[in-house]
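Here are some questions and answers for a reader who is new to this structure. Please look at the sequence and the model before reading on.

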Amino acid sequence: MLKIGCHVSISGGIEKSILRAKNLGINTMQIFSANSRSWKEKIFKAHEINNFQKNLIESEIYPIFFHTSYLINLASPDEIIYSKSINSFIEEMKRADLLLPKSYTPYLIVHPGAHRGIGEKFGLDRIIKALNNAFEQSKRLNLRTFVLLENTAGSGTSLGYNFSQLRYLLRGINCKQNLGVCIDTCHAFTAGYNLSEKEGIDRMIKELDRLIGFKKIKVFHLNDSRYPLGSNKDRHEHIGKGHIGLEGFRNLLKQPSLQNIPCILETPKESDEDDLRNIKMIKDCVTN
């Protein structure tokens, strides 16, 4: 069965996110565990955790993906930001582990980081150092959290915009058993992977297999792109309304090697109707 979901709001209480997901008819989902634009950490009360877990188990929605704050920069050359980013990331790992029942794997998605002009090699090594630090503390705390590195569009000085860089990170980070990747279609497209054509998708699949391996891919972010191929711009668009187009998503979703990988939509949203339309478009791409 196709695992398809979207990013769901936790507004009004994290337990309400499950009810929103049920109303959308989805069987997997992604949430923030705190304000994505603030350094302030979120502390959940026992009843919030219990209600979230109760609603989750009753819903049979699985897997659940958490996305880290956008402020976290694990490649930052600024020591204050770097330290805050590592500490915030560890708190994200702790919340993901705390919120999910023991039968669930807590998946935490993070953008690798931006080197801010100091250099790509420097930035990649900073990310490795930061995540090795985080995993050391995670081990001491007996956390189950599974970290997923998300590919980026390559805007500014962001890292992880090609699969070679993701492979470099995967090889350098010590905790291999709790480490994987999240592939975002909009990011891949504007970073230069042509998902609008079957030939481009075939090339991307071969590169993914060679450099990453399909077992490491735990989720796809399905987003069309507002900007053209190779533009390095991170602006998501509704499915079929952007430069990837419906044919691109049809070809991608029918790839045999990707059949069992969950898909999360992060398309523009003004109301639930937007999510429902995009979910339907993806389901149509699979069946037609």
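Q: In which loop is Lys241 found, and is Lys241 buried or exposed?
A: The model is predicted. Lys241 lies in the loop between β9 (236–237) and α8 (245–253). Its relative accessible area is 66%. Exposed means over 50%, so Lys241 is exposed.

Q: How many Å apart in space are Lys241 and Pro101, C-alpha to C-alpha?
A: In sequence, Lys241 and Pro101 are separated by 140 residues. In space, their C-alpha to C-alpha distance is 38 Å.

Q: How are α7 and α8 oriented to each other?
A: The axes of helix α7 (residues 198–211) and α8 come within 9 Å, and they cross at roughly 40°. Angles under 35 degrees count as roughly parallel, and 65 to 115 as roughly perpendicular. The crossing of α7 and α8 is right-handed. The two helices, α7 and α8, are therefore oblique to each other.

Q: Which residues in α8 are met by residues in α7, and how do the residues of this contact divide?
A: From α7, Lys198, Ile201 and Met204 meet Gly248, Asn251 and Leu252 in α8. The residues of the contact of α7 with α8 divide into three nonpolar, two polar and one charged.

Q: Is Thr152 buried or exposed?
A: Thr152 sits in the loop between β5 (146–150) and α5 (163–172). Its relative accessible area is 7%. Buried means under 20%, so Thr152 is buried.

Q: Which backbone atom does the side chain of Thr152 reach at 3.1 Å?
A: Among the residues Thr152 touches are Leu159, Tyr161 and His187. The side chain of Thr152 reaches the backbone nitrogen of Tyr161 at 3.5 Å. At 3.1 Å, the side chain of Thr152 reaches the backbone oxygen of Leu159.

Technical notes
Residues are numbered from 1 along each chain as its sequence is written. This is a predicted model: local features need pLDDT of at least 70, side-chain atom pairs count only at pLDDT 80 or more; totals for chains, interfaces and linings use all residues. Side-chain values use heavy atoms; hydrogens and water are left out. Helices (H or I, at least four residues) and strands (E, at least two) are DSSP runs, numbered from the N terminus. Buried means under 20% relative accessible area, exposed over 50%, partly exposed in between (1.4 Å probe, protein chains only). Axes are lines fitted to C-alpha atoms, for helices over the stretch in contact, and angles run from 0 to 180 degrees between N-to-C directions. Angles under 35 degrees count as roughly parallel, over 145 as roughly antiparallel, 65 to 115 as roughly perpendicular and the rest as oblique. A crossing is left-handed if the near helix is turned anticlockwise from the far one by less than a right angle, and right-handed if clockwise. Contact means heavy atoms within 4.5 Å. Ala, Val, Leu, Ile, Met, Phe, Trp, Tyr, Cys and Pro count as nonpolar, Asp, Glu, Lys and Arg as charged, and the others, Gly among them, as polar. A polar contact is a pair of N or O atoms within 3.5 Å; within protein, one must be able to donate a hydrogen and the other to accept it, and residues adjacent in sequence count only if both atoms are side-chain atoms. Lists of a residue's contacts leave out its neighbours within four places in sequence.
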